[in-house]
Amino acid sequence: MAPHRVVVIGSGFGGLFGTQALRRRDDVEVTLVAKTTHHLFQPLLYQVATGILSEGEIAPSTREILARQKNARVILGTVTELDLDARTVTSEVLGRRTVSTYDTLLVAAGAGQSYFGNDHFAEYAPGMKSIDDALELRGRIFGAFEWAELTTAPAERDRYLTFVVVGAGPTGVEMAGQIAELAHRTLRRDFRAIDTRTARVILLDAAPQVLPSFGDRLGDAARSRLEKMGVEVELGAKVVGVDSTGLEIEKGDGTHQRIESATKVWAAGVQASELATLLAAQSEAELDRAGRVKVLPDLTLPGRPEVYVVGDMMALDNLPGVAQVAIQGSRYAAKHLKARLDGKQAPEPFRYFDKGSMATISRFSAVASIGKARFSGFAAWVLWLAIHLVYIIGFKHRVTTLLHWAVSFIGRGRSERTVTAQQIIARNIIRKMPPEDLPTLPVVASDHVPAADGPSAERTG
């Protein structure tokens, strides 16, 4: 009997945990299609951007993670087409197309940064959704201090030493706190012409509160701690313009203000993968305002029981776009599929178990919301360390992460301060390249041979 073919899209928490949940099924063959070769631990991206961790510690190889799972195969490529009637997934990398057929599809493609209709802001204010984003921001942040050291014009120096973080959610708070620690603690002895402690770190948000999802008490605690660190918190401020030398904000009273800043970080808003639009167009599903797919209680698409959507792409019961939703959703989808294959009764509708939320503000300081408990300070920070260590995949990555944290939090150092010009400029150069100039894999005449049948009957061309 032919094995049941499962195609999983995405190597984030949803895709990886969904694939692993099927590891003991000899009657199932899984093909994981992802646009990167790594599994990204996104909650720690800001630590890559600020030199605490290397990208390897939070982005282990997907192939290495799944090497012992014999029923799983990994394919590199960006999904460009979905055909729900033919049950095929088309992916592409460097001009090479691969078509994978499936019996069941698990879509966990995640979400990208939302600029609320102002996508041109991305050129000057990178988001925090990928390793490329984090490395670019690392180059911009550390580069700003280098450029400030070179200039003799006070206004130019002030512009380089002004850092603006847009978005006062967990990512924004963590970024603002770490940039402040860099300026006031880590780098204060490293320069001669500038005093890094004079740097301004500004946290902006159109909302009236810091960390609104954590409640008033923890939000106020986070704001108080940030302000003690020297971070300027500006709430009720909407960003209406961004360029290479600064940004313009609109305050609650309608007045406008310009902030001169060379380094801007965008940590406000998320938008579901564009694959959500393809799914909705070929099914009875609808999209919510954030572009997420409205799924049934069993996480399948209306009218398409063989297609599951999990994680940041799904809209169900106003669930947040956090890692635990993706992990629990993908495990539920695998459980639902196994029951279907075994001819057993389907499990109860998906119910999310909220394990709480945490955010670090600085070393030795964090906020945590777990059930009805709300606490902040050192105890929350220790809990944050422990939980994040647990979810980092691989023993060696846990050990090296712990060592890097010791260097950064107990000492003053940052282990990852290497930056290059390519980190800063490559993303925008690639974005502006015409399609015909984008690189492709070289092909010669002898390469045109029939593709061998793989576990999901892939076709390449």
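**Reading a strand pairing and a helix crossing**

Author: In this predicted model, strand E12 and strand E13 (residues 246-251) pair in the antiparallel sense over six bridges. Local features need pLDDT of at least 70 and side-chain atom pairs count only at pLDDT 80 or more, while totals for chains, interfaces and linings use all residues. Residues are numbered from 1 along each chain as its sequence is written, and side-chain values use heavy atoms, with hydrogens and water left out.

Reader: What makes E12 and E13 a pair?

Author: Two strands pair if DSSP finds at least two bridges between them, and E12 and E13 have six bridges, so they count as a pair. Val239, for instance, has Ile249 in E13 as its bridge partner.

Reader: Why are E12 and E14 called edge strands?

Author: Strand E12 (237-243) and strand E14 (256-260) are the edge strands because each pairs on one side only. The open sheet has the order E12-E13-E14, with antiparallel pairing.

Reader: Why is H11 called roughly antiparallel to H12?

Author: The axes of helix H11 (residues 378-391) and helix H12 (residues 395-410) cross at roughly 150° and come within 10 Å. That makes H11 roughly antiparallel to H12, because angles over 145 degrees, on a scale from 0 to 180 between N-to-C directions, count as roughly antiparallel.

Reader: How do you know which residues of H11 meet H12?

Author: Contact means heavy atoms within 4.5 Å, and among the residues of H11 that meet H12 are Trp381, Trp384 and Leu385, while those in H12 include Arg398, Thr401 and Phe409.

Definitions and conventions: Helices (H or I, at least four residues) and strands (E, at least two) are DSSP runs, numbered from the N terminus. Angles under 35 degrees count as roughly parallel, over 145 as roughly antiparallel, 65 to 115 as roughly perpendicular and the rest as oblique.
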